[in-house]
Amino acid sequence: MSGVWVWIAAGALGAVGSVARFVIDGEIGRRARSDMPWGTLTVNLVGALAIGLCVGAGVDGDARFLAVGGLIGSFTTFSTWIFETQRLAEEGEERLAVLDIVISVLLGLLAVALGWWIGAQT
């Protein structure tokens, strides 16, 4: 794949990733019925695992750009995570806000490490 087609493909994969995030996040949030943003946590952990898999499996070049930068990058969401954590704190849910930060960071690191390990086994 060359130049402009890589960018077009990245945009298309980005659209797919962001729609998937929106649907999955919304469905989990609807079912969880909790102030804790479980949908955002889920998509971010799945994305961390997927990025680890790509790196561990040695995906590189355009394939890495498309998978990690296009699809997975648009599937995960740092900004929504921070916004939701801030919202929890503003609404007096400081414990949930701190829990969200701790869980997201620790499980995110574990997910990417697990993904890397699994990917490296192939």
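L114 is partly exposed, because its relative accessibility is 45% and that class lies between buried (under 20% relative accessible area) and exposed (over 50%), with a 1.4 Å probe and protein chains only. L114 sits in helix α5; helices are DSSP runs of H or I with at least four residues, numbered from the N terminus. The model is predicted: local features need pLDDT of at least 70, side-chain atom pairs count only at pLDDT 80 or more, and totals for chains, interfaces and linings use all residues. Residues are numbered from 1 along each chain as its sequence is written, and side-chain values use heavy atoms, without hydrogens and water.

Helix α5 supplies the largest share, four residues.

The largest pocket holds about 240 Å³ of space. Its lining has 14 residues, of which N44, F78, W81, S104 and G108 are closest to the centre. Helices α2, α4 (78–90) and α5 each give two or more residues to the lining. A pocket is an open set of points on a 1 Å grid where a 1.4 Å probe fits, with protein on both sides within 12 Å along at least five of seven lines; lining residues have an atom within 4 Å of a point. Eight lining residues are nonpolar, six are polar and none is charged.

G47 lies in helix α2. G47 is buried because its relative accessibility is 1%. The C-alpha atoms of G47 and G108 are 8.8 Å apart, across 61 residues along the chain.

Notes
Grid points are joined across faces, edges and corners, and a volume is the space filled by probe spheres set on the points. Ala, Val, Leu, Ile, Met, Phe, Trp, Tyr, Cys and Pro count as nonpolar, Asp, Glu, Lys and Arg as charged, and the others, Gly among them, as polar.
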